[in-house]
Amino acid sequence: GCLPLAAFLDVSAEIAAQVAQDGGLAGVDLRRACFLDTETTGLSGGTGTMAFVVGLGFFCDDGFRLRQYFLRDPGDEPAMIEALAEFLPGFTALVTFNGRGFDVPILENRFILARCPPPTTRLPHLDLLPPARRLWHHAQPSCALSALEREVLGVQREQDDVPSGIIPFLYRDYLRTGDAREMKRVLYHNGVDILSLVTLAARLCRLFADPWGESTVSGAEFYSLGCWYAAEGRSAEAERAYREALRMGLTPGLRAKTLAALG
């Protein structure tokens, strides 16, 4: 997209903690953060839902690395749980998109069912969905990760991608037939999701820290930032953001809201 992956390495832990509303992030080394995304057998959660792909992204000495765990068969889950239990404790934080509400609870359920302590329980967590909604609710028609990739990050997926809603059905077809060709597309989807988490986190934190230093911030984004700053008790920054939103131009409805908030 519009940012290199390394842009995340410039994010301060204090800003990430404010964006995440998780004070535990303030003192961590974000270079050891783990970007996590799963593909599951269902979209409703619960103990009957299994993660058949667990994708992890992380920075290392020679760049950024992507590691994907794939269940060839549901009976292989204990091996995947054991591998994750060995690997995840090496990280200082999690970064996800809707991970608090979906990915992490599903993983932790599977760890508990396997009688293994979940290694994610005490990790500080930057879930990008709540701050993304906070910032782009008025600026974008959708705050789904695929929409933000396209509209905010400028990511264009290849035809190899597959819609997330049909991924559980593709896995069931694979288990029934043994034909793994569609699983390549699922792994591609998961991999791009993880790469997008990195640049989306960088973009969110940069906008929250200093939107006036960015050249592509819209009036609607400045209005949302003003509301965000006001909720944090940062009145001077809220006023500045509201005035910038009015200067840049807004829809009539959003202009009225901005004037009311500024007043």
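1. Helix 5 (residues 145-153) contributes a set of buried residues: Leu-145, Ala-147, Leu-148, Glu-149, Val-152 and Leu-153. These assignments, like everything below, are computed from a predicted model. Helix 4 (129-136) and helix 7 (181-209) are among the elements that cover the buried residues of helix 5. Directly after helix 5 comes Gly-154, whose phi is positive, at about 75 degrees.

2. Phe-208, Trp-212, Phe-222, Trp-228 and Tyr-229 are linked into a cluster by ring pairs.

3. Two arginines are placed over aromatic rings. The charged end of Arg-67 sits over the ring of Phe-87, at 4.0 Å from the ring centre. Arg-172 lies over the face of Phe-169, and here the distance to the ring centre is 5.0 Å.

4. The reader may next turn to the packing of two helices. The axes of helix 9 (residues 235-248) and helix 10 (residues 252-262) come within 10 Å of each other and cross at roughly 150 degrees. Angles over 145 degrees count as roughly antiparallel, so helix 9 is roughly antiparallel to helix 10. From helix 9, the contact is made by Glu-239, Tyr-242, Arg-243, Ala-245 and Leu-246. Helix 10 supplies Arg-255, Thr-258, Leu-259, Ala-261 and Leu-262 to the contact. The crossing of helix 9 and helix 10 is left-handed.

5. A last point concerns a loop residue. Thr-47 is located in the loop between strand 1 (33-40) and strand 2. Is Thr-47 buried or exposed? Its relative accessible area is 54%, and Thr-47 is therefore exposed, since the term applies over 50%. With neighbours within four places in sequence left aside, Thr-47 is in contact with Asn-109, Arg-110 and Leu-113. The C-alpha atoms of Thr-47 and Glu-108 are separated by 9.7 Å, although these two residues stand 61 residues apart along the chain.

How values were computed. Residues are numbered from 1 along each chain as its sequence is written. This is a predicted model: local features need pLDDT of at least 70, side-chain atom pairs count only at pLDDT 80 or more; totals for chains, interfaces and linings use all residues. Side-chain values use heavy atoms; hydrogens and water are left out. Rings of Phe, Tyr and Trp (its six-membered ring) pair if their centres lie within 6.5 Å; planes under 30 degrees apart count as stacked, over 60 as edge-to-face and the rest as tilted. A charge sits over a ring if NZ of Lys or CZ of Arg is within 6 Å of the ring centre and within 35 degrees of the ring normal. Axes are lines fitted to C-alpha atoms, for helices over the stretch in contact, and angles run from 0 to 180 degrees between N-to-C directions. Helices (H or I, at least four residues) and strands (E, at least two) are DSSP runs, numbered from the N terminus. Angles under 35 degrees count as roughly parallel, over 145 as roughly antiparallel, 65 to 115 as roughly perpendicular and the rest as oblique. A crossing is left-handed if the near helix is turned anticlockwise from the far one by less than a right angle, and right-handed if clockwise. Contact means heavy atoms within 4.5 Å. Buried means under 20% relative accessible area, exposed over 50%, partly exposed in between (1.4 Å probe, protein chains only).
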